[in-house]
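Welcome, and please open your viewer so that we can walk through the model together. At each stop you will hear what to select and what to look for there.

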Amino acid sequence: MLDLDGAPARKATINVHITDTTLSGDNPVARWNDRPISTEQVRAWLGTASTVVVRPVIDLAEHIPVTSYEIPDRHRISVELRDHTCRFPHCGRKARSCDVDHARPNGKGGPTCPCNLVPLCRRHHRAKTHSHWRYEVTKPGTYQWTSPNGFQWQVDHRGTHPHPLRT
């Protein structure tokens, strides 16, 4: 792909969140990931882009399962936007470079739906699948992990928090 000047075009994906008041000029702030940005910055990005793709709004609370094991892009993007990183305790790998795990296995009735999908980096996905690490989804975006030795952590949007052992 070439840009207008014949140079190789760079592809960048930027998820910008704007409202109708941002578009009308009444609110000069948009959001990029978790950071506020000015509408002037959005205009500058769009002015230098060789290609702009506008995606529909993704409702992070949406629960529309699909009937296959394969995860649609809209579900993957929803999970990445909700969780940001691998949900294993203390892991900070970005969700966009993670596998997406079915919390309740698809073969055992777990739906392919954002409410049952969790980003796990390859290392932690394998630890969960091939060892005695386990987790439960306590609510979308919040996970209760148990180590092979019985130690427990809660992982959510605030990070990793140790929990006392259940008795």
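On this tour, helices (H or I, at least four residues) and strands (E, at least two) are DSSP runs, numbered from the N terminus. Residues are numbered from 1 along each chain as its sequence is written. The model is predicted, so local features need pLDDT of at least 70 and side-chain atom pairs count only at pLDDT 80 or more, while totals for chains, interfaces and linings use all residues, and side-chain values use heavy atoms, with hydrogens and water left out.

**The whole chain**

Start with everything selected. The protein chain has 4 helices and 9 strands, and along the sequence they follow the pattern β-α-β-β-α-α-β-β-α-β-β-β-β. Of its 167 residues, 33% count as buried; buried means under 20% relative accessible area, exposed means over 50%, and partly exposed lies in between (1.4 Å probe, protein chains only).

Select residues 73-83, which form helix 3. This helix is mostly covered, with 8 of its 11 residues buried. Among the buried ones are His75, Ile77, Val79 and Leu81. Strand 5 and strand 7 are included in what covers them, where contact means heavy atoms within 4.5 Å.

Most residues other than glycine have a negative phi. The phi of His84, however, is near 65 degrees, a positive value. His84 counts as partly exposed because its relative accessibility is 31%.

Stay in the loop between helix 3 and strand 4 and select His90. Here again phi is positive, about 70 degrees, although His90 is not a glycine. Is His90 buried or exposed? It counts as exposed, because its relative accessibility is 63%.

**Stop two: Cys113**

Move to the loop between strand 4 and strand 5, where you will find Cys113. At 2% relative accessibility, Cys113 counts as buried. Which residues is Cys113 in contact with, leaving aside its neighbours within four places in sequence? They are His63, Ile64, Pro65 and His75.

**Stop three: the nonpolar core**

Next, select Cys86, Phe88, Val118, Leu120, Trp133, Tyr135 and Trp145, the residues with the most contacts inside the largest nonpolar core, which has 15 residues. Such a core is a set of buried Ala, Val, Leu, Ile, Met, Phe, Trp, Tyr and Cys residues joined through side-chain atoms within 4.5 Å. Strand 5 (117-120), strand 7 (142-146) and strand 8 each supply at least two residues of this core.

Not counting residues up to four places away in sequence, its contacts include Cys86, Phe88, Tyr135 and Trp145. Arg87, Asp99 and Lys128 are also among them.

Strand 6 (residues 134-139) pairs with strand 7 over 5 bridges, and Arg134 stands opposite Thr146 in strand 7. In the hairpin of these two strands, which has 2 residues between the strands, Gly141 takes a positive phi near 90 degrees. Strand 8 and strand 9 also pair over 5 bridges, and the bridge partner of Val155 in strand 9 is Thr160.

**Last stop: Gln152**

Finish with Gln152 in strand 8 (residues 152-156). Gln152 counts as buried because its relative accessibility is 8%. Its side chain makes a polar contact with the side chain of Thr146 (3.3 Å). A polar contact is a pair of N or O atoms within 3.5 Å; within protein, one must be able to donate a hydrogen and the other to accept it, and residues adjacent in sequence count only if both atoms are side-chain atoms.

Technical notes
Pairing = 2+ DSSP bridges.
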